[in-house]
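These are my notebook entries on a structure that I am reading for the first time. I wanted to look up single residues and then the pairs that they form.

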Amino acid sequence: MKNKYKFILMLCFGLLLSPAVFSQQTLYAPTNSWALLLNRAKFSKHWYMTNELHQRNQWFFKGEGQFLWRPSIDYKVNDQLEFSLGYSHIRTHPNAPYPLPIASTENNFWQQALLKFDIGKVHFQNRFRQENRWFDHIDNENGDWVKTGDDYANRFRYRITATFDVYHLKESEKAFFINTFNEFWFNQDSKLRPISFARNWLYLGIGFRLDKNTSFQTGYMNQWDQVKGNYIKMDIIQFTVQKNFDFSKSKKN
């Protein structure tokens, strides 16, 4: 087996069981189906805008789950380094076994650095994201669950992604590709020091690139959450459509 395939398998499955090793109790959430629309617009050699729309539901979009909108402004220093400033709006509905009695909203602002490099024909990305989060504080008042204010928290996320083509259609940009990533989330204190593990995502997907601006992807993701001292495991089938736009063609870069 080629080295790149060995690395991808290690990346995906090497830490698959790591959260379970330290857990006291594991709860199992229903299998979810998530849909993602990803758009990226280029305005010049350095400036871009990205927009994400996520709809996350239980199996085949049954029941209410979570809606997420995430726009950002991106500055590309060069082919290896990029910085972003972004915002996320997240609306979450009760979804067992998560202990959420009523729908809640989170708004967060985030800062991100993206480091890119290639090993052979495998393209890697290291993503570092710092989130500043405001979310609903929910209390029980006279037997009714209500929002009584807002809470604030910091969170850090690190993701490593590997992507490579597996089959090219002759004399065209069309290709099938593999995409995989491993992401760790950590809760932080007011001084941005990590204080606890929050979540782990492990993803493996296969996609089809129609051209350099359009691709379709489906994959499997394993999610581990730490909630109130317990772990929650969720299996997720994710569908992704990406469409990019270039508005810089008539400009001098």
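I began with W34, which is buried because its relative accessible area is 6%; buried means under 20% relative accessible area, exposed over 50% and partly exposed in between, with a 1.4 Å probe and protein chains only. The model is a predicted one, in which local features need pLDDT of at least 70 and side-chain atom pairs count only at pLDDT 80 or more, while totals for chains, interfaces and linings use all residues. Residues are numbered from 1 along each chain as its sequence is written, and side-chain values use heavy atoms, with hydrogens and water left out.

**Aromatic pairs**

I then looked up the aromatic pairs, and the count comes to 15; rings of Phe, Tyr and Trp (its six-membered ring) pair if their centres lie within 6.5 Å, planes under 30 degrees apart being stacked, over 60 edge-to-face and the rest tilted. W34 pairs with W201 in an edge-to-face manner, at 6.0 Å centre to centre and with 70 degrees between the planes. This pair links distant parts of the chain, since W34 is in strand β2 (residues 32-42) and W201 in strand β10 (residues 194-211), 167 residues apart; strands are DSSP runs of E with at least two residues, numbered from the N terminus. W201 also counts as buried, at 4% relative accessibility.

Next I noted the tilted pair of Y87 and F109, with 5.3 Å between the centres and 50 degrees between the planes. Y87 lies in strand β5 (residues 81-92) and F109 in strand β6, so the pair ties together parts 22 residues apart in sequence. F109 is partly exposed, with a relative accessible area of 44%. Both rings belong to one aromatic cluster, formed by W69, Y87, F109, W134 and Y152.

**N108**

Which strand holds N108? I found N108 in strand β6, which covers residues 104-119, and N108 counts as buried, at 0% relative accessibility. The side chains of N108 and E106 are joined by a polar contact of 2.9 Å, that is, a pair of N or O atoms within 3.5 Å; within protein, one must be able to donate a hydrogen and the other to accept it, and residues adjacent in sequence count only if both atoms are side-chain atoms. Leaving aside residues up to four places away in sequence, N108 touches G86, Y87, S88, I90, E131, N132 and R133, where contact means heavy atoms within 4.5 Å.

**Salt bridges**

How many salt bridges does a search of the whole structure find? The search finds 17 salt bridges, each being a side-chain nitrogen of Lys or Arg within 4 Å of a carboxyl oxygen of Asp or Glu. In one of them K116 meets E82, with the closest N and O atoms 3.7 Å apart. K116 lies in strand β6 and E82 in strand β5, so this pair ties together parts that are 34 residues apart in sequence, and both K116 and E82 are buried.

I also recorded the salt bridge between the side chains of D225 and R199, at 2.4 Å from N to O. D225 lies in strand β11 (residues 214-227) and R199 in strand β10, so the pair ties together parts that are 26 residues apart in sequence. D225 is buried at 4% relative accessibility, and R199 is buried with a relative accessible area of 17%.

Technical notes: Helix = DSSP H or I, 4+ residues; strand = E, 2+ residues; numbered from the N terminus.
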